[in-house]
Amino acid sequence: MSDVFVLGIDMIKFGRYPEKNVRQLGAEAAQLALADANLTIHDMEALYSGNLMQAGAMVGQGILQEIGQTGIPVTNSANACATGATAFREGWTAIKAGLYDLVLVVGCEQLGKMGLLGGGGGRKGIPKEGLLGSQTMPAVFAEAGQEHARKYGTTFEQFAKVSVKNHQHSVENPKSMYRKETPLEMVMGAEMIAYPNTKLMCSVNVDGAAAAVLASEKKARELGMGRAVRVKASVLTSDPFTDRDLVMPDVNTCTRLAAKQAYETAGVGPEDIDLVELHDCFATAEILHYENLGLCGDGEAGKLIDEGITWHGGRTPVNVSGGLLSKGHPLGATGVANIYEVSTHLRGEAGARQVEGARVGLTHVIGLGSACGIHILEKV
Amino acid sequence: MADDAVASGPLPVVPYLKIPADGAPYLEARQCSGCGKIFLDERDTCSHCGKSGLMQPKKLSNTGSLYVYSIVHRSFPGVAVPYVSAIVDLDGGGTVKGNLINIDPDPEKIRMGMPVEVIYRNAPTKDADGNEYLTYYFQPAA
């Protein structure tokens, strides 16, 4: 089976675009990625589109109606916050299978200032929110973080440091929604949403889009491998049975399963990874994923953030883009934008935030319900 | 019950809360008699071992321990805050989510692992038809 390469990849600056619609956002990212690959929509043999909130709206076809209705097959994917990674993997799968040599992947989302996300839980009878606990995302991920605190004594301050780090990282990212430093006291003193997650420890609802052109090895060699990025592993898992999963979504087990498969497929280990973009939907989540991705041993995640190992300049920089906490989290775009970030570093084109000498990077997303997508990418 | 009728007593807030005609309310799960795994929802197939037709009702305990919690300060409009969202492991098996009450919503006061008990009260809201609902809460064990 052919290896798969990223030939072109880009994203729009995450933000709020009330004057545009979601297909226009996707189209903009698609044009950027095609231009980056020096190709056009007429070179593409298929489109894989990821969007969550308008999953029934044929967003992929809408993008083609904006940039070129060439009649190619379009597949629309929705997989919660793993939507973008899922669409990317659909494209990867098709090239792996030998169906196509060139495909376009787009992830896009328009969230605006959509407040709290999560289930109201009250389809029958009376609303359950606030009566039978909380199904809001900040609370669900707070509880997931509290499990780590229970086991290992992780503190509110350690969780908060994740937000300090990612906000600081975003200062150097021109495509980030926010680019402001947030000192520890500001993060810990921000409005408490769901303890231990304050407002600055919750990802930002934004509009956004990111896109990639994927190629088979044959086509990549033909077109030039100069800036190509090799997809070393593309893994998707769902939540395996664990005892509490149906009451308290288990984001750990599906991530560990995906990480194991990704490292085995890529033939690398966590020690080989030069940068990571992981799913910091809430500050509590990032701590869990240090261990889930094997960046440290179980129980060591608090130490990892304390010792600066995941800061830019540390041994394994995590979320140098600013992450979902500051760059923003347009659900369907996030999984492609993470791949854009890592690819940009592998190409040596990340400017002021460049992770020097980056050769291998990992991206991770989690969609609650649950889906985990992991990609390992390598400089060619 | 017809849609236009108001029930004579409160309705269960969730299907796994049972209200016997004579006796105290309780929580009831389904347990796979093949592998022992417990599910709060009605089902015929076990998503752990995959076997069908082995589900048995399992009455859950009214005592347990607090597994984890969050103190919710911002929720959807109309939901009173703050409140403690809690995940509780019940003695003898079964994990249930609910509000932990009769405790200060303060991380200094709430200890993961603390013993709790399940209590049953009428919910503060009625549905559009005027039906009352019986719900459950957790509180620190006496």
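**Chatting through chains A and B**

Student: Hi! Where do I start with chain A: how much of its contact list comes from residues 24 or more positions apart?

Tutor: Hello! Among the contacts in chain A with a separation of 6 or more, 77% are between residues 24 or more positions apart. Keep in mind that this is a predicted model.

Student: Okay. How many helices and strands does chain A have?

Tutor: Chain A has twelve helices and eleven strands. Its radius of gyration is 19 Å, close to the 21 Å from the globule rule for 380 residues, so chain A is as compact as a globular protein of that length.

Student: And what box do its C-alpha atoms fill?

Tutor: Along the principal axes, the C-alpha atoms of chain A take up a box of roughly 55 × 50 × 40 Å.

Student: What percentage of chain A is buried?

Tutor: 62% of its 380 residues count as buried.

Student: Switching topic: how many residues of chain A are in contact with chain B?

Tutor: 27 residues of chain A are in contact with 33 residues of chain B. Helix 4 of chain A gives the largest share of chain A's side, six residues. By class, that side of chain A has 14 nonpolar, seven polar and six charged residues.

Student: Which strand of chain B pairs with strand 5 of chain A?

Tutor: That would be strand 6 of chain B, residues 63-72, and the two pair in the antiparallel sense over two bridges. You can find one partner pair yourself: A194(A) is bridged to V72(B) in strand 6 of chain B.

Student: Last one: what domains is chain B divided into?

Tutor: Chain B is divided into domain 1, covering 14-60, and domain 2, covering 61-123 + 130-142. The C-alpha centres of these two domains of chain B lie 21 Å apart. Their contact takes nine residues from domain 1 of chain B and ten residues from domain 2 of chain B.

Student: Which element gives the most to the domain 1 side?

Tutor: Strand 3 of chain B, residues 26-32, gives the most, with three residues. By class, the side of domain 1 of chain B that touches domain 2 of chain B has nine nonpolar, no polar and no charged residues.

Note on methods. Residues are numbered from 1 along each chain as its sequence is written. Chains are lettered from A and ligands numbered from 1 in the order in which they are written. This is a predicted model: local features need pLDDT of at least 70, side-chain atom pairs count only at pLDDT 80 or more; totals for chains, interfaces and linings use all residues. Domain bounds come from an automatic or database domain assignment. Two residues are in contact if their C-beta atoms, placed from the backbone, lie within 7 Å. Helices (H or I, at least four residues) and strands (E, at least two) are DSSP runs, numbered from the N terminus. Ala, Val, Leu, Ile, Met, Phe, Trp, Tyr, Cys and Pro count as nonpolar, Asp, Glu, Lys and Arg as charged, and the others, Gly among them, as polar. Two strands pair if DSSP finds at least two bridges between them. The radius of gyration is taken over C-alpha atoms; the globule rule is 2.2 Å times the number of residues to the power 0.38. A residue is buried if 20 or more other C-beta atoms lie within 10 Å of its own, exposed if 12 or fewer, and partly exposed in between; C-beta atoms are placed from the backbone.
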